[in-house]
Amino acid sequence: MTALRPALDTEVRGARLSGVDVARAVALFGMVAAHVGGVADDLDWGDVSSWSALVNGRSSTLFAVLAGVSVGLVSGRQHPPGPPAIGRIRRRLAVRAVLIVLIGFVLMSLGTPVYVILPTYGALFLLVLPALRWRRRTLLVAAGVCALVSAPVAVAIVPLYADADTFGVQLGLVYPVVTFLAFVLVGLAVARSGLEERGTQIALLAVGALVAATAYVVGVLTAPVPVDAAYAFPGVPFVPDGSTLGQSVAQVFLSPRDHSSSIVDVVGSAGVAVAVIALCTLLVDGRGPVVARIVTPLSAVGSMPLTVYALHLVVIAAFPALPQQASTWWGFVVGAVVFAMLWQRFLGRGPAERLVARIVRSVVR
């Protein structure tokens, strides 16, 4: 019997990129670790026990960059089509975006003590639609502009949330739209670079690692994370009391703190995401059936990211007393892998992905 195939998000024009699915699994497991894994609050390279804090911020960034990669892969990879095909692709993506926002609202209504990224994620799908036929250089310039203005915009919108409840705070403040638009544009540029080519994968790995290392070195040297940064709100720059004008400017624009929306944070975390995606595709794609079998647990999870993400929030909502520790994270990982492998083996596409695809097809024929 022919096996059912998983989600088609990475399957337009060319073979499916299993490495992208593996990268999605990495992003998902990183976000789960940030939610239930009891990871360290702050990263200190001199303290090995704090290295678990790497998942903070960078996992959601990887998730957003992968969103851009997915958009690029379903819209023609290196060669996006012209009218009328591109119009149909935009309409399908727009319907999908609305559905993702609605699913996000449902998950937020559960009262889960986790900031839900899906409403912002869906909004980003809509915002990136005009850029589907932009050249790679234009995409990177636009991403750079977003990185430059992300911190000032994040500061400017804070007063709008002065009287917002927990539900409202999650819409555009914790995951600032301008900041995360930069990540999606970078991902779209990555997809337009020929991600399936070995030379491109090596180049992206080298460039991503170099950009990330440079950004974080600059940030640590010019604006080290303050001791009291634990009181900072996600997505918003933090300036300690008593800071001079120069120190304030440095903290707003150059802070290496995750979720700070600074230039260093945006550029550094985007570089990490690009390097992870490139490494996953380099190690997995085109390596033969043995490697494909080895990474099946990860690729199965990554083939149904919406399902796995939603289910982990439902479980957290159903069991609010879950201990924040590594064993809890392992429980989620094992559960996600078993579920995804069994579902993919016998039913194919993930349930949430299948539902969204069916609605999209019925609306945009």
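How many cavities of 30 Å³ or more does the count come to? Please then describe the second largest cavity and the parts of the chain around it.

Modeller: This is a predicted model, in which local features need pLDDT of at least 70 and side-chain atom pairs count only at pLDDT 80 or more, while totals for chains, interfaces and linings use all residues. Residues are numbered from 1 along each chain as its sequence is written, and side-chain values use heavy atoms, with hydrogens and water left out.

Rolling a probe the size of a water molecule over the atoms shows where empty space is left. On a 1 Å grid over the protein atoms alone, a cavity is a set of points where a 1.4 Å probe fits but cannot get out, whereas a pocket is an open set with protein on both sides within 12 Å along at least five of seven lines; lining residues have an atom within 4 Å of a point. Grid points are joined across faces, edges and corners, and a volume is the space filled by probe spheres set on the points. By this rule there are two cavities of 30 Å³ or more.

The second largest cavity has a volume of about 50 Å³. Its lining consists of Gly57, Ser60, Thr61, Pro176, Thr179, Phe180, Phe183, His259, Ser261 and Asp265. By class, three of these residues are nonpolar, six are polar and one is charged. Here Ala, Val, Leu, Ile, Met, Phe, Trp, Tyr, Cys and Pro count as nonpolar, Asp, Glu, Lys and Arg as charged, and the others, Gly among them, as polar.

Two helices, H2 (58-74) and H7 (177-191), each supply at least two residues of this lining. H7 gives the most, with three residues. Helices (H or I, at least four residues) and strands (E, at least two) are DSSP runs, numbered from the N terminus.

H2 has 17 residues and reaches 24 Å from its first C-alpha to its last, close to the 24 Å expected at 1.5 Å a residue; the expected span is 1.5 Å times one less than the number of residues. Because 17 of its 17 residues are buried, H2 is largely enclosed by the rest of the structure. Buried means under 20% relative accessible area, exposed over 50%, and partly exposed in between, with a 1.4 Å probe and protein chains only. After H2 comes Gly76, whose phi is positive, near 110 degrees. In the loop between H2 and helix H3 (85-109) lies Pro84, which a cis peptide bond joins to Pro83, with omega at about 0 degrees.

The largest nonpolar core has 93 residues, of which Leu118, Leu185, Val301 and Tyr309 touch the most other members. H7 gives the most to this core, with eleven residues. A nonpolar core is a set of buried Ala, Val, Leu, Ile, Met, Phe, Trp, Tyr and Cys residues joined through side-chain atoms within 4.5 Å. Leu181 lies in H7 and counts as buried, at 17% relative accessibility. Leaving aside residues up to four places away in sequence, Leu181 touches Leu124, Leu127 and Cys146, where contact means heavy atoms within 4.5 Å. With that exclusion, Leu185 touches Val128, Ala131, Leu139, Ala142, Ala143 and Cys146.

Phi of His259 is near 60 degrees, a positive value in a residue other than glycine, and His259 is buried, with a relative accessible area of 18%. Phi of Ser261 is likewise positive, near 65 degrees, and Ser261 is buried, with a relative accessible area of 2%.

His259 leads on to an open space. The largest pocket holds about 810 Å³. Its lining has 32 residues, and the closest to its centre are Ala34, Asp41, Asn56, Pro234 and His259. The elements that give two or more residues to this lining are helix H1 (18-36) and H2, and the largest share, four residues, comes from H1. By class, the pocket lining has 20 nonpolar, eight polar and four charged residues.
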